[in-house]
Amino acid sequence: MTFRRWEDGAAIGYTKLVPEFQENFKAPYYVVHRAHFHEALYRRAVDLGVDIKIDSRVDIYDLEAPSVQVANGKVYHADLIVSADGESR
């Protein structure tokens with residue numbers, strides 16, 4: 001697989017996938033568009049009853065609790081917290 005620069009298509013990296021990837025990691029290599037992957041993760045999380053909060057800038061992380069405090073001051077505690085960057089405004 002050749003990785004290319006988005007601006008001009010110039011090759012910037014290469015990863016040999018077959019057969020080394022499957023032999024090394026005991027799993028196949030799949031390519032999926034980022035937007036499709038996000039949608040699949042979101043839909044599965046909703047199906048499992050995950051409480052999803054959007055448009056909530058995280059200001060403070062507490063790894064010991066675990067918890068996050070968002071910009072409006074609300075604190076969320078959970079067994080697993082996934083925080084991802086989004087569009088800058």
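In the predicted model, Glu20 and Lys16 form a salt bridge, with the closest N and O atoms 3.5 Å apart; the term denotes a side-chain nitrogen of Lys or Arg within 4 Å of a carboxyl oxygen of Asp or Glu. Glu20 is partly exposed, at a relative accessible area of 29%, and Lys16 is likewise partly exposed, at 47%. Buried here means under 20% relative accessible area, exposed over 50%, and partly exposed in between, with a 1.4 Å probe and protein chains only. Residues are numbered from 1 along each chain as its sequence is written. Because the model is predicted, local features need pLDDT of at least 70 and side-chain atom pairs count only at pLDDT 80 or more, while totals for chains, interfaces and linings use all residues; side-chain values use heavy atoms, with hydrogens and water left out.

Helices (H or I, at least four residues) and strands (E, at least two) are DSSP runs, numbered from the N terminus. Glu39 is partly exposed, with a relative accessible area of 35%, whereas Arg43 is exposed, at 53%. A further salt bridge links Arg57 with Asp59, the closest N and O atoms lying 3.0 Å apart. Arg57 is exposed, with 57% relative accessibility, and Asp59 is partly exposed, with 40%.

A nonpolar patch on the surface is formed by Tyr42, Val46, Leu48, Val50, Ile52 and Ile54, which together have about 580 Å² of accessible area. Patches consist of residues with over 30% relative accessible area and no salt bridge, like charges being joined within 9 Å and nonpolar side chains (Val, Leu, Ile, Met, Phe, Trp, Tyr) within 5 Å. Val50 lies in the loop between α2 (34–47) and β3 (58–62) and is partly exposed, with a relative accessible area of 46%.

The mean pLDDT (the predictor's confidence in each residue, from 0 to 100) of the protein is 88, and 96% of its residues reach 70 or more. Among the elements, the lowest mean pLDDT, 85, belongs to helix α1 (residues 20–25), and the highest, 95, to strand β5 (residues 75–77).

Notes. Accessible areas come from the Shrake-Rupley method with a 1.4 Å probe; for residues, only the protein chains shown count as cover.
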